[in-house]
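Have a look at the structure, then read on.

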Amino acid sequence: MDPSVLKEADEDERLHNIAKEHFTQGNPTKALEVLEDAYSRRGKDNSPGMFDHLQGSILYHLAERAKNSDMKFAFYLGCLEPLTQDFGMQALVAISLFEIAKQLDSALYYKKAVKDAEVSLSLFEYHGEMDSDDLQTKSTLETILKKAELRILHGCTGKNSDPPLEESKEARGVTRSVSDDAADKRFRSHWASMSVEGKKNFMKVSISKLRGYVERLHGKEGSEALEEVLDSARTNKKWRFWMCRTCSQKFFYVKKFRNHLEQEHGAKFKSATRYHTPELLSEAWAGMISVGCWEPVDVVAAAEMIKTRLEFVKGFVYEEGWSKEWPLAPDEKRSKLLKEIQSLLVLLWEHKVLSFSTLEWMMEFPILAQFEVTESLTTECGLGRTPQRICFWNRHELKRIVDLLKLIKFERNDGTKLVCRAVERLCGRTRVQEKIEFDDQFSAMLLDRRLLKGKIAPFDDEGTVDVCKHDYYAKTQPQGDDIITWLLDHPWTDGSFEFPRSVRAHNLDMCVAILRAIHYTCRDWGTKYARKLEYSGYCKLLTDAKTLCTSEDERRRTAPEGEGDVAYASILGDRCEELKTDKGEPPNGVQFVFAVRDILEEASQPTIDFDDLEASLDLIHGLQDLSDDKVLKSIDSLRFVVTNKVLLADSKILLIENSRISLLNELTRLSAIDYRSYIRNVLKRFMREELNEFVKIDAKAKVAAAEADLLSREKQEKEKKSGSKKKKRRNIKVVEDLNYVICFTDGYSVVRMNGPHGVTGNFNEHVY
């Protein structure tokens with residue numbers, strides 16, 4: 001074996017063991033970080049199954065431990081994809097699906113849970129003697145099977161019956177004050193006594209002083225973290241960026257970040273060809289649909305006009321795809337059907353599930369061909385690219401359109417709304433209102449000048465950094481003391497975003513869960529896409545079959561008189577014999593045999609998964625007497641059914657794509673890092689201590705002034721009353737303090753210093 005392969009396997013084993021050890025020691029975030037590094041190194045598709053096994057187990061553990069129902073749901077959804085990769089983890093998959101089904105009351109997920117529970121229970125049949133854990137798992141799966149089947153039988157509402165679990169104020173990101181009443185009063189009193197210039201200078205945070213403070217508080221780790229923040233702000237002129245939690249790359253433009261997730265980390269399903277990928281109807285077409293008059297056209301009169309007055313018709317004026325010059329028919333039933341079609345189309349467009357292929361199908365009915373009007377003439381008359389063409393159809397065709405549109409689902413009950421709520425809860429903790437700028441030397445941070453005037457309502461989600469060459473606070477007049485409230489408020493965090501901890505760890509567990517949920521959604525995308533390809537291939541086979549029949553019509557018209565006709569069924573049977581060995585790329589010859597079998601059996605639905613080729617050929621040869629009319633009718637019927645399935649597959653893919661985009665949007669939101677939020681608490685702590693130092697200095701100055709004043713008063717008293725009798729001692733009330741005693745008398749406050757001199761005296765100043 002290649003030594004490099006063995007070396008790579010050893011490295012995989014080492015990383016797996018490290019991650020497993022972190023998980024065992026109660027640090028799932030660190031374990032996920034190690035696994036994400038491993039995925040980034042090897043690539044998701046080339047990574048060993050043990051990574052998926054461990055990651056799925058960690059996410060399942062987080063789901064079981066989560067107290068918030070939305071968070072719990074997100075982790076359950078996230079664990080499905082990695083656990084599904086390991087056939088031995090079907091039990092956990094079934095349990096997770098059942099929990100999801102309960103929260104959504106979803107028949108879809110109940111059915112999935114039943115399927116996986118049955119698979120997992122079947123594995124127990126091959127077990128020998130089972131231990132207590134196996135017996136417990138088996139019992140749990142049997143319970144899931146019974147409850148899920150019963151819920152499906154009784155019917156599901158598709159609505160979340162359980163409200164989100166209650167959260168504490170801290171969990172909702174409500175700020176908590178770190179102040180006590182004394183500190184609050186002390187700071188506010190000092191702030192009120194400060195000069196306007198002093199207040200403005202306080203808002204300028206010296207970076208050199210902040211560096212020293214952080215180094216004393218957090219050591220080398222803190223210094224490096226602060227320098228990373230400052231370098232990023234200086235270089236990129238932005239506080240805010242997006243970090244990929246898998247490979248740790250940083251992006252300062254959201255579009256590049258989303259492209260990175262889609263291209264490098266599987267956040268988008270990559271189809272084999274764009275040809276079969278459904279395309280959402282454009283805004284231009286949607287505009288034409290919404291503004292049209294949608295009245296039935298008199299088809300007979302219109303056809304006559306095209307045939308006899310073509311140049312006149314070609315001069316019709318179209319406004320936003322509609323012309324008022326076509327003759328209308330007084331047909332209330334058609335009018336009602338057309339209005340219903342318009343309403344459904346607008347609704348489907350608003351929910352982003354209306355594919356362009358659906359509109360194309362609606363406009364392709366060859367109704368004017370019945371009146372000998374060719375498609376080229378129809379296009380010349382301006383009807384090639386307008387929804388008004390639908391107004392030419394008869395009641396039967398319009399009813400078919402309505403029936404199809406009513407089958408399209410507007411929403412997919414897959415729980416993406418719950419994931420959105422979970423992300424909103426997490427993002428709410430770290431949003432920032434205050435701007436922070438720099439002076440032109442990058443020697444000071446300039447706090448938002450609006451803090452000097454009052455509270456700031458809107459959030460600053462852009463996070464751009466401005467370099468100020470002039471006095472940033474020149475035109476700002478300080479008002480009130482809301483800055484003190486801001487300093488003393490301490491936003492609650494879960495510890496994953498505390499300075500100087502690595503920012504990558506912030507919400508890492510939820511980011512991994514959502515990325516894996518996107519992968520699971522892409523799996524559904526791929527399943528529906530594969531099914532659509534099968535139906536599209538089947539439709540082509542039906543077209544080929546009809547072409548064979550119509551070619552026989554042409555042969556009959558040119559054949560010498562007396563030459564017998566060959567039945568369509570016989571022609572199709574002969575073609576099957578020619579193609580029965582063709583097992584190439586689909587649609588292939590073998591699949592053609594199965595399609596012909598459906599045609600001759602006059603099947604109401606297509607059969608995609610025939611497996612007995614010889615039995616199918618025998619049945620085909622036994623149906624050679626089927627009339628030509630029935631053969632054509634069967635082909636047209638199957639084509640209609642299969643076309644509807646293709647169009648419905650398109651709408652389902654668009655529905656899944658909406659879910660994928662929704663999850664990607666939430667992952668993008670959650671991946672945003674704002675360095676202001678990261679350093680906010682340590683910055684406030686530094687500023688509180690700075691302000692406290694000012695208070696102490698001011699207090700010492702007041703004490704010194706009071707001491708001098710008292711000495712002066714005492715000296716004057718002694719000189720004035722020299723030789724007089726000793727004064728009667730006055731009653732005083734003494735209040736002890738750590739460094740001095742404040743004594744209250746009638747009209748005076750006396751300060752006695754607890755120093756070596758023990759000076760006392762009277763003064764009118766209040767001392768802290």
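How many nonpolar, polar and charged residues are in the lining of the largest pocket?

1. By class, that lining has 17 nonpolar, 12 polar and 16 charged residues. Here Ala, Val, Leu, Ile, Met, Phe, Trp, Tyr, Cys and Pro count as nonpolar, Asp, Glu, Lys and Arg as charged, and the others, Gly among them, as polar.

2. Before going further: this is a predicted model, where local features need pLDDT of at least 70 and side-chain atom pairs count only at pLDDT 80 or more, while totals for chains, interfaces and linings use all residues. Residues are numbered from 1 along each chain as its sequence is written, and side-chain values use heavy atoms, with hydrogens and water left out.

3. The largest pocket holds about 1,600 Å³ of space. Its lining has 45 residues, with Ser357, Lys532, Val646, Leu647 and Asp650 closest to the centre. (On a 1 Å grid over the protein atoms alone, a pocket is an open set of points with protein on both sides within 12 Å along at least five of seven lines; a cavity is a set where a 1.4 Å probe fits but cannot get out; lining residues have an atom within 4 Å of a point.)

4. Helix H25 gives the largest share of the pocket lining, 13 residues.

5. About 80 Å³ lies in the largest cavity, which is lined by 13 residues, including Arg245 and Cys511. Its lining has 9 nonpolar, 2 polar and 2 charged residues.

How values were computed:
Points joined across faces, edges and corners; volume = space filled by probe spheres on them. Helix = DSSP H or I, 4+ residues; strand = E, 2+ residues; numbered from the N terminus.
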